[in-house]
Amino acid sequence: MVFSFARFFFIILLAFLVRPSFQHLLCRREDRLALLQFKESFVIYKLASSYDPFAYPKVNLWKSQGMDCCSWEGVWCDQDTGHVIGLDLSSSCLLGSINSNSSLFQLTHLQHLNLAFNDFNYSMIPSALANLTNLTYLNLSNSFFSGQISSELSKLAGLSTLDLSSSYDPQYEGLLELERPNLRSLIENLKSLEYLHLSSVKINSRIPNILANMSSLKSIFLGHCGLFGEFPSAIFQLPKLQALIVHYNPGLIGNLPEFHFHSQLTDLRVSFTSFSGKLPASIGMLGSLEHLDASDCKFFGLLPSSLGNITKLHFLSLKNNFFQGKDVPFLSNLTQLTSIYLGLNQFTFPEIPSFFARFTHLQCLGLAFNQISGHFPSWITNMSQLTFLNVASNMLQGSLPSSISKLKNIETLGFEGNNFTGTVEINPFLDLKYLRHLTFSLNKLSLLIKTRNSTNTTLAKLEQLGLGSCNLKEFPNFLQDQDQLQFLSLSFNDIHGQIPKWIWKLNNNFEGPIPTTWAVENDLRVIKLSQNNLQGKLPRLLTNCKMLEFLDLGDNHIKDTFPFWLGTLPKLKILILHSNGLYGSINVLESNSLFPSLQVVDLSHNEFSGLLPTEYFKRWNAMVDPDKENKAYWYTYDNLSVNGVYLPLQYPYSMTITNKGLRLEYAKVLEVFSGVDLSCNKFKGEIPQIVGRLKGLQLLNLSNNILVGPIPPTLGNLTNLEALDLSQNKLIGSIPTQLTQLNFLEVFNVSHNHLTGRIPKGQQFDTFENTSFDGNSGLCGFPLSRKCNDLKALPSPSSTPKGNEDSGLLTKFGWKVVVLGYGCGFLVGVVIGNIVFAKTHEWLMRTYRIRLSRGVMKVAGSSFGGSSSMLVPSSCTSSI
């Protein structure tokens, strides 16, 4: 009896101890009802989780899976109490709104909540989340929440993961805001935080120093947040930090600090910020680093050889900085690289480094916009994994191997802007089924296109094709079935015949002829048709290009009046119409034709007449207040995804200007750049005082017109001006001393006018050659040989108020007083024409790094990234 009782007691005890292994506790009834009610508040819609290709509705089978909600997909419970403690409905195709009355907040024992990749219809993040005091994991990313993030979230003191981020999409940028409370208020109570992901949340503040004290942090995602100010360098030293992503915050400044050997960083991204300085040698201590993106910053100097120690690197991008060097042999150790981008720097490699041949995993190789020379190596064609290859705008020469077409996985091929020679047959490229971007422009190539039926063309994804300067004689009709084509460049060819009608179907970033019947709105950002034989009038339907930023129709045979109606385009920044047959006066004929974004206008070498466009000078507001710190270049963008990594493809805006028979090609133009060129027309009257309000101007060229009267002293307000050309007019009076305030002025030309009096002294005026003042018999003083003798000094800049309308009258009569008082009898200095051109050419070569190629001057870069024809003393004898 005793034995039986003891055995019975043992069995009961054993059953109690092992109960979880064979007895499943049903979920609480109230939790099950709350989940079902939560499910019913949404519509199941597949596109609600379109960001995730593997999304499916997890809640569809909840009711049919039985009464035990703990067995439902995406739900897990506490084994002892039956309470729901975890809910993962990420990518579940949920569409609908959510607020603080939702039954979700009845699940008060929740520790883990993941609602990522759904569509909550721009709801605000419910403040009732603060009731879930047991939460350690909260993920609401990519789910279309909007508005101010509630301060109540700061009460979730146990959070280890907070993810409110969004994948960057300009259409949905800044849906969520974190300004009241700010970032500091949100996180200062979250002492256990390990993962802080707030990418694309509109924060617009400095990074609080408190972040550097959160020693538990492993991952920080703060990209696209509007952050600014000094980045706290101590954050780099957080002991557990594995990922630091603060890219796309252009106002964020800082340096990479000295790193320690114990760093656990695997992912570091500071691209598109204002980080600067040199890469520290201690960067080689980051032995675990797999992803390094320091592109589009302000780093400079030589690359440290210690980079070669980071042998786990898969992704390396240092493009668009100021790095330099002739060789980088230490990079040969990075054999695990799948992507390397070194473009838009100052590397002077004697050849494309041969060690890339050993990178068997390499998919992306970007070396564009450097000074790499040598021949294109044939071993590259054996890199079968390549999807991206860009060597554009270097100094490469020789022929291109025909075996390039063996790169069966290639999506982007960029060869433009080199010195390649020989013949390239394009037909093999038509069989590359993944090819999206192909450019051969601006080389010395002859392109061979064999006739083939368009039905045989397998190019299904071609979006960009650059065939400029490839000795084409006929239009590439094989493109007519390429409905994905967005960007086509055929400039610098000798194509005969009419433009085919099918070309008008192409859209987006198309670079080609303007259709005469464009009846629908489109997304064109760039239209560049310079140096063709276009005739007739400008089509008014260009106003349907509402996204247009860049319009270049220079060097054609267009006969029309000024297209004031283009002023309705809200984003138009660059307007180049030089060297055509445009005529008439420039007037504001419609009140909404204001060109609100215009920064560059070149109307030179036309037949415009009448007065200078004073009304436009009053309204070109984008030329008034420049962002001096903005060193970004104008680009048009496209996207490329490689292994799930978003890569922005950039096509820089370029300008070609004709000057003294030389074509100046500027490969890149800074966004801050502003310029006005109205030279070589028939403008008359005085230069209006109002020009002085355009304080952002870096270039102003009014030469070769019929302008009279004095030089306005208000031009001294143009403190960003780098080039001023008023030559070949009929200007009178003295040179205003206010112009000595132009500290950036490098080119100044007032030659061949009727100016008199003393040339101002000081600042930049002490550097100008006498050719800047030729043809003005009444001028005296340095640098001319004519001395002013007894002439009294003119008033200082401070003695003449800026913007005073009477100052023009004083100047106008001042020269007469001088002439009457002291007489006119100065000898005309000797003008040596060869010196004029030689000096100017020398300055151009030194300052703008110009290299000649096929009669086209290429400008690699300058202090402002672009230019206009005023850089050389202008002449209208060879306008086209």
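These are my notebook entries on a few places I looked up in this structure.

**Ground rules.** The model is predicted: I take local features only at pLDDT of at least 70 and side-chain atom pairs only at pLDDT 80 or more, while totals for chains, interfaces and linings use all residues. Residues are numbered from 1 along each chain as its sequence is written, and side-chain values use heavy atoms, with hydrogens and water left out.

Entry: I started with strand β3, residues 84-88. Strands here are DSSP runs of E with at least two residues, helices are runs of H or I with at least four, and both are numbered from the N terminus. I checked its partners, where pairing needs at least two DSSP bridges between two strands. β2 and β3 run antiparallel and are joined by three bridges. They form a hairpin with six residues between them. Gly-82 sits in that turn with a positive phi of about 80°. On the other pairing, three bridges join β3 to β5 (residues 112-114), and these two run parallel. Leu-87 of β3 is the bridge partner of Val-75. Leu-87 also stands opposite Leu-113 in β5. Is β3 mostly covered or mostly open? I found it mostly covered, with four of its five residues buried. Buried means under 20% relative accessible area, exposed means over 50%, and partly exposed lies in between (1.4 Å probe, protein chains only).

**Entry: His-83.** I moved to the loop between β2 and β3, where His-83 lies. His-83 counts as buried because its relative accessible area is 13%. Which residues does His-83 touch, leaving aside neighbours within four places in sequence? I listed Arg-28, Glu-30, Asp-31, Trp-76, Cys-77, Asp-78 and His-109. Contact here means heavy atoms within 4.5 Å. I also noted Arg-32, 51 residues from His-83 along the chain, with 9.5 Å between their C-alpha atoms.

**Entry: salt bridges.** I counted a salt bridge when a side-chain nitrogen of Lys or Arg is within 4 Å of a carboxyl oxygen of Asp or Glu. The count by this rule is nine.

I looked at Asp-88 with Lys-58, whose closest N and O atoms are 3.6 Å apart. This pair links distant parts of the chain, 30 residues apart: Asp-88 is in β3, and Lys-58 is in the loop between β1 and β2. Lys-58 counts as buried because its relative accessibility is 12%.

Next came Lys-319 with Asp-296, at 2.6 Å between the closest N and O atoms.

Then I turned to Glu-615 and Arg-619, whose closest N and O atoms are 3.3 Å apart. Both lie in helix α5 (residues 614-619), four residues apart, about one turn of the helix. Glu-615 is partly exposed at 33%, and Arg-619 is partly exposed at 27%. Lys-618 joins these two in a network of salt bridges.

**Entry: Asn-390.** I found Asn-390 in strand β24 (residues 388-390). A polar atom of its side chain lies 3.1 Å from the backbone nitrogen of Ala-392. Not counting residues up to four places away in sequence, Asn-390 touches Leu-365, Gly-366, Leu-367, Ala-368 and Gly-414.

**Last entry: Val-43.** I found Val-43 in strand β1 (residues 43-44). Val-43 is exposed because its relative accessible area is 51%.

Methods. Polar contact = N/O pair within 3.5 Å; in protein donor to acceptor, adjacent residues only side chain to side chain.
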